[in-house]
Amino acid sequence: MSTLPVFRWHLAPDGYATRRQLRARDLRPGGQDVAAQLERPRRRGRPPLVAYLYRVDLAKPVRPMTPGRWRAHAAMMRARRTCPECHQDAGYVIPPTLGTCVTCAFPEEHRAA
C-alpha cells in the first residue's frame, strides 16, 4: 500500500483539486482514488485538518440534471418544507431542531400578532 503525498495548506501543486474545487469547475472525481492530501496544522496538540485532493486531468464532467432528477429534487425539497403538524408549505426548510414550522412550534407568539 503506497502512502499519499501530503502538502501543507494552500501549497498544493497545480493539477490537484478538492471535491469543491472540482465542482466549481463543473467536474467530479469520476471514480478515481484520492491522489494526495492537504494538512492544515492546528494548535494544542489537536490533529491536523485534512482535505483530500484529486487529479484534475482524470476528473470527469458532472452529470447533467435530467427531468427525472429535477422532479426528485423538487419532491425532496417539498418534503423538507412541509410541516408535519399543519401540513402547510412553510416556504423555508423546516429546522430539524424544531421539527415543525415556526408557527406550530411557537403558537402563543403568533396568536398575539
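Predicted model: local features only at pLDDT ≥ 70, side-chain atom pairs only at ≥ 80, totals over all residues.
So, is D57 buried or exposed? Hold that thought for a second.

Okay, D57. It counts as exposed, because its relative accessibility is 55% and the cut-off for exposed is over 50%. The side chain of D57 meets that of R55 in a salt bridge, with N to O at 2.7 Å. R55 itself is partly exposed, at a relative accessible area of 34%.

How many salt bridges are there by this rule? Two. The other pair is D89 and R81, where the closest N and O atoms are 3.3 Å apart. Both partners come out as partly exposed: D89 has 45% relative accessibility, and R81 has a relative accessible area of 24%.

Now let's go inside. The largest nonpolar core has six residues: A17, L22, L27, Y54, V56 and A59. Take V56 from that group. If you skip its neighbours within four places in sequence, V56 is in contact with G15, Y16, A17, L22, R25 and L27. There's also a second, separate core of five residues, and F7, A36, L38 and L53 are among them.

Last stop, the strands. Find β4, residues 36-40. On one hand, β4 pairs with β1, residues 6-8, in the parallel sense over three bridges, and there you'll see V6 opposite Q37. On the other, β4 runs antiparallel to β5, residues 49-55, and five bridges join them.

Definitions and conventions
Residues numbered from 1 in each chain as written. Heavy atoms only, no water. Core = buried A, V, L, I, M, F, W, Y, C linked by side-chain atoms within 4.5 Å. Buried < 20%, exposed > 50% of the residue type's maximum accessible area, 1.4 Å probe, protein only. Contact = heavy atoms within 4.5 Å. Pairing = 2+ DSSP bridges. Helix = DSSP H or I, 4+ residues; strand = E, 2+ residues; numbered from the N terminus. Salt bridge = Lys/Arg side-chain N within 4 Å of Asp/Glu carboxyl O.
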